[in-house]
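Look over the sequence and the model below.

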Amino acid sequence: MHEILHVLEHAFFDTLKVLPSLFLIYLLIEYLEHKNNNKAHHLFMKSEKAGPLFGGLFGCIPQCGFSVIASELYSKRFISLGTLIAVFIATSDEAIPMLLSESSLWSKMLMLIAAKFIFAVLFGFLIDLFIRKKQHVHHHHCEEEHEEHHHYHGNCESCHDGILKSTLIHVVKIFVFIFVISVILGFITEYVPKEMLSVNKFLQPFITPIIGLIPNCAASVLLTELYIEGEGILTLSSLIGGLCSGAGVGLIVLFRLNKNIKENLFVVLLLYLIGALTATVLTLFGI
């Protein structure tokens, strides 16, 4: 009983320490999301040839709201497959705020963002280069002043009650996610020998992209917590590979709006292969 209470206490206070940082980070994210994601919606549609570049840039912004935008636009054929994949690869969901809350990991966070952006743009343009001829992207001119605009949120909160309420709801959800995962990891590290947990670093790149494909922020929380608290269990390259395959709720929106199931499954396969390849390449470079 004492060991159980110790694990719960340790997980709670460890999670509590990052709560102020998470609140400030998510408050800023909510502000940016409310202010800018309609602009992203129009920029995606107006930047056909440079789509993967803008997709990579917007995808790097924390949260998966931009992956929701990209899924909606792709289902209507307003953007290319390469742009969609670029957004999905660059999206990190909850990983960036979690790494930001740990000042000792800021350099690793910058490496993660840079790697994901580079691979997002690279694969986005390559996909468009080889597949664009088979696509039928609609040319769409959007008049902003004559349209009703909506915000796209990766966390599915309403924006009608203001950013403070949305921020509080989101922070509470992530606090619970982190606490639960910390408790699980605490019990694992307490009762399971570390050598049983360690997966060969050359096998990790093929495992983490599977976790990343789970269309929920829990996937990014789990992967990031394994990297932060796992005491060497998960390498940075495997974390990056897992996050490259993760698009948050963007995949759910894609399957809901795009009626071509084979096409959706092809997107999932692409994400897994890109995540595995990315992690493998970075592992070979010793990252």
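A residue is called buried when its relative accessible area is under 20%, exposed when it is over 50%, and partly exposed in between, with a 1.4 Å probe and only protein chains counted. By that rule, 52% of the 287 residues of the protein are buried. The model is predicted, so local features need a pLDDT of at least 70 and side-chain atom pairs count only at pLDDT 80 or more, while totals for chains, interfaces and linings use all residues. Residues are numbered from 1 along each chain as its sequence is written, and side-chain values use heavy atoms, with hydrogens and water left out.

Helices and strands are DSSP runs numbered from the N terminus: helices are H or I over at least four residues, strands are E over at least two. The protein has 14 helices and zero strands. Read from the N terminus, the order of elements is α-α-α-α-α-α-α-α-α-α-α-α-α-α.

Start with helix α1, which covers residues 2-17. Its 16 residues span 22 Å from the first C-alpha to the last, close to the expected 22 Å; the expected span is 1.5 Å times one less than the number of residues. Which residues of α1 are buried? They are Val-7, Ala-11 and Thr-15. These residues lie on the same side of α1 because they cover an arc of only 55 degrees around the axis, the arc being that of the directions from the helix axis to the C-beta atoms. His-2 and Lys-17, on the other side of α1, are exposed.

Rings of Phe, Tyr and Trp (its six-membered ring) pair if their centres lie within 6.5 Å; planes under 30 degrees apart count as stacked, over 60 as edge-to-face, and the rest as tilted. The count of aromatic pairs under this rule is three. In one of them, Phe-12 and Phe-175 have ring centres 6.2 Å apart and planes at 85 degrees, so the pair is edge-to-face. Phe-12 sits in helix α1 and Phe-175 in helix α8 (residues 163-191), so this contact ties together parts 163 residues apart in sequence. Phe-12 is partly exposed at 34% relative accessible area, whereas Phe-175 is buried at 15%. Phe-12 and Phe-179 likewise have ring centres 6.2 Å apart and planes at 85 degrees, so that pair is edge-to-face. Phe-179 also lies in helix α8, so its pair with Phe-12 in helix α1 ties together parts 167 residues apart in sequence. Phe-179 is partly exposed, with a relative accessibility of 23%. Ring pairs join Phe-12, Phe-175 and Phe-179 into a cluster.

Side chains of opposite charge can pair when their charged atoms come close. A salt bridge is counted here when a side-chain nitrogen of Lys or Arg is within 4 Å of a carboxyl oxygen of Asp or Glu, and by this rule there are two. One joins the side chains of Lys-76 and Glu-72, at 3.1 Å from N to O. Lys-76 is partly exposed at 42% relative accessibility, while Glu-72 is buried at 14%. Another salt bridge is formed by Glu-263 and Arg-77, whose closest N and O atoms are 2.5 Å apart. This pair links distant parts of the chain, with Glu-263 in helix α14 and Arg-77 in the loop between α4 and α5 (81-90), 186 residues apart. Both Glu-263 and Arg-77 are buried.

Pro-205, in helix α10 (residues 204-212), is buried at 1% relative accessibility. Its C-alpha is 10.0 Å from that of Tyr-272, and Pro-205 and Tyr-272 are 67 residues apart in sequence.

The last stop is the surface. Patches are made of residues with over 30% relative accessible area and no salt bridge; like charges are joined within 9 Å, and nonpolar side chains (Val, Leu, Ile, Met, Phe, Trp, Tyr) within 5 Å. Areas are from the Shrake-Rupley method with a 1.4 Å probe, and for residues only the protein chains shown count as cover. Met-111, Phe-202, Leu-284, Phe-285 and Ile-287 make up a nonpolar surface patch with about 540 Å² of accessible area together. Phe-285 is in the segment after α14 (261-284) and is exposed, at 67% relative accessible area.
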